[in-house]
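Could you walk me through how to read the helices in a model like this one? Let's take it a feature at a time.

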Amino acid sequence: MPIAWATAWRTWQTTRRAYPWTYAVGTVLPAALTIALAHLGFRFIGGGAVGDDFATGSGTTAYLAYIVVGATAFQFCVRLILWSAKALITEQRQGTLGALLIAPAGRLPYLLGFTAFAVLSSLLEFLTLGLVVAALGITVPVSSVPGALLGGLALIGAVFALSVGLGGLMIAAGEAHISQNTVFIVLGLVGGFTFPRDYLPEPVQWFAELLPTTSAMDVLHGSFTGGHSLPELLPRLAVSAALTSAYLLLGLACLPRAEARAVERTY
């Protein structure tokens, strides 16, 4: 806990002097545009109705609310990955990775502290989306408040677990953009954020089940627009927790070798 708190405080002190507004705008604005374009398409092209295939796959006819939840969650994932997964490669670029590696501090609490700050700052940034949703007159129902809270925590945990392994890959390869953008594309296409996974080929649907974010999004959609109660959401929460644990353990196991590779390449 002291390491996590110190990391979060240090990140705040450095960030407040040079806040990355381009990252903030670059993730919040696409979510706002997605919601606005979905509103225009739904009202003026779709005639305010959804097809039976969408209603069957998503479990709701509240298309705009479904898009609000999905677009917000996806861009939140992007924002969190840009913070958490790039923590180590940022240290590498600043020339402080070597000092971090020899410091008497565990890597997990360091990453947890960095991610805690990222979650808080990202939540504040994404509150601005509420203005867009309110301006468009979109209402988002909530069928299970505990389910929504647990789904949000599950999504944060899932993204953190993915970020640990992705961060190791970044410092081992010495690059970030190809790695992170590949993850963004895969998550956006198969994760069930803004459209039902039933639209995807069956092999891709099975692949999506291997990602912890997929089951976390099922919980979020179910607790908002799906009309599910908490007991109905527990199986998907359990799947997300199991996959998150597996990804986290795998990432932590591979991280020392990635750090060694980064040091070998640098020195």
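**Reading helices and their contacts**

Q: How does the length of helix H10 (residues 177-190) compare with what its 14 residues should span?

A: Helices are DSSP runs of H or I with at least four residues, strands are runs of E with at least two, and both are numbered from the N terminus. The expected span of a helix is 1.5 Å times one less than its number of residues. For the 14 residues of H10 that gives 20 Å, and the end C-alpha atoms are 20 Å apart, so the two agree. Keep in mind that this is a predicted model, where local features need pLDDT of at least 70, side-chain atom pairs count only at pLDDT 80 or more, and totals for chains, interfaces and linings use all residues. Residues are numbered from 1 along each chain as its sequence is written, and side-chain values use heavy atoms, leaving out hydrogens and water.

Q: Which residues of H10 are buried, and what covers them?

A: Buried means under 20% relative accessible area, exposed over 50%, and partly exposed in between, using a 1.4 Å probe and protein chains only. In H10 the buried residues are Ser 179, Gln 180, Phe 184, Leu 187, Gly 188 and Val 190. Their cover includes H4, helix H9 (145-173), helix H11 (202-208) and H12. After H10 comes Gly 192, with a positive phi near 70°.

Q: How do H9 and H12 pack?

A: Axes are lines fitted to C-alpha atoms, for helices over the stretch in contact, and angles run from 0 to 180 degrees between N-to-C directions. Under 35 degrees counts as roughly parallel, over 145 as roughly antiparallel, 65 to 115 as roughly perpendicular, and the rest as oblique. H9 and H12 have axes 8 Å apart at an angle of about 165°, which means H9 is roughly antiparallel to H12. Among the residues in this contact are Gly 151, Ala 154 and Leu 155 of H9 and Ala 216, Met 217 and Leu 220 of H12; contact means heavy atoms within 4.5 Å.

Q: At what angle do H4 (residues 63-84) and H12 (residues 212-224) cross?

A: Their axes come within 10 Å and cross at roughly 150°, so H4 is roughly antiparallel to H12. Here Tyr 66, Val 69, Gly 70 and Ala 73 of H4 meet Met 217, Leu 220, His 221 and Phe 224 of H12.

Q: Is Phe 160 buried or exposed?

A: Phe 160 sits in helix H9 and, at 9% relative accessibility, counts as buried. Beyond residues up to four places away in sequence, Phe 160 touches Leu 108, Leu 111, Leu 112, Thr 115 and Leu 248.
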